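Please look over the sequence and the three-dimensional model shown here, and then read on for a short report on its helices and charged contacts.

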Amino acid sequence: MRFWERLDETIGRLEKSLMVIFLGLMIVAAFAQIALRNFMGVGLPWSESLVRYLVLWVGFIGASLAAREGRHITIEVIKLRPSAVGRRYLAAVSQLCAVGVCTVMTWAAVKFVRDDAQIGNRTFLDLPTWVLETIIPAAFAIMSLRFLLRAIRALRRDAARREPAPPL
């Protein structure tokens with residue numbers, strides 16, 4: 001479990017760094033495009049496509065970070081007042097449902113990227129579109145891992161509460 005938590009922490013640091021870089025690139029590319037069009041009458045033909053893909057990456061990285069920090073969208077179907085143990089079990093079930101959804105979405109995204117690779121579409125700077133779309137299955141896979149870790153943590157906290165304290 002410790003390995004997975006360290007891996008999650010490392011991925012989180014990488015995601016935060018990528019967010020800063022990609023947001024900066026988006027701002028620079030959009031500003032350059034506007035400035036060049038308004039003041040020089042020319043533009044960067046690839047900048048709009050670049051910004052579009054950066055928005056995709058920032059969105060999926062942001063969703064993954066939200067899952068890491070427990071700030072993802074949740075739906076409260078049943079508003080019960082369960083005990084602390086009950087809340088932990090409900091939290092674990094909720095996280096496991098999210099694992100299921102993200103796993104299915106990972107599979108669908110892999111299929112989407114694979115199909116796009118077979119089509120052979122290309123985008124700015126002659127890059128294959130499938131390369132830029134790899135963030136979709138990667139983010140869903142990372143979110144699956146994070147939801148699974150949260151479920152395990154919820155159950156482990158419960159197990160730790162039920163075990164008697166070791167003798168001194």
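Is Asp115 buried, partly exposed or exposed? In this predicted model, Asp115 has a relative accessible area of 29%, and therefore counts as partly exposed. Its side chain forms a salt bridge with Lys111, in which the closest N and O atoms are 3.3 Å apart. Lys111 and Asp115 both belong to helix α3 (residues 84–119), where a spacing of 4 residues separates them by about one helical turn.

**Helices α1 and α2**

Helix α2, which covers residues 47–69 and has 23 residues, reaches 32 Å from its first C-alpha to its last, close to the expected 33 Å. Just after α2 comes Gly70, whose phi is positive at about 70°. Helix α1 (residues 2–40) packs against α2 at an angle of about 150°, with the two axes 9 Å apart, which means that α1 is roughly antiparallel to α2. The residues of this contact comprise 16 nonpolar, 5 polar and 8 charged ones.

**Salt bridges**

The whole structure contains 10 salt bridges, and among the residues involved, Asp8, Glu15, Arg68 and Arg146 are linked in a network. Glu48 of α2 and Arg37 of α1 are 11 residues apart in sequence, so their pairing ties together these two helices. Arg153 in helix α5 (residues 135–162) and Glu5 in α1 are 148 residues apart, and their pair links distant parts of the chain.

| Salt bridge | N to O distance |
|---|---|
| Glu48 and Arg37 | 2.9 Å |
| Arg153 and Glu5 | 3.4 Å |

Arg153 is partly exposed at 26% relative accessibility, and Glu5 is partly exposed at 22%.

Methods
Residues numbered from 1 in each chain as written. Predicted model: local features only at pLDDT ≥ 70, side-chain atom pairs only at ≥ 80, totals over all residues. Heavy atoms only, no water. Expected span 1.5 Å × (residues − 1). Axes fitted to C-alpha atoms, helices over the stretch in contact; angles between N-to-C directions. Parallel < 35°, antiparallel > 145°, perpendicular 65-115°, else oblique. Nonpolar A, V, L, I, M, F, W, Y, C, P; charged D, E, K, R; others polar. Salt bridge = Lys/Arg side-chain N within 4 Å of Asp/Glu carboxyl O. Buried < 20%, exposed > 50% of the residue type's maximum accessible area, 1.4 Å probe, protein only.
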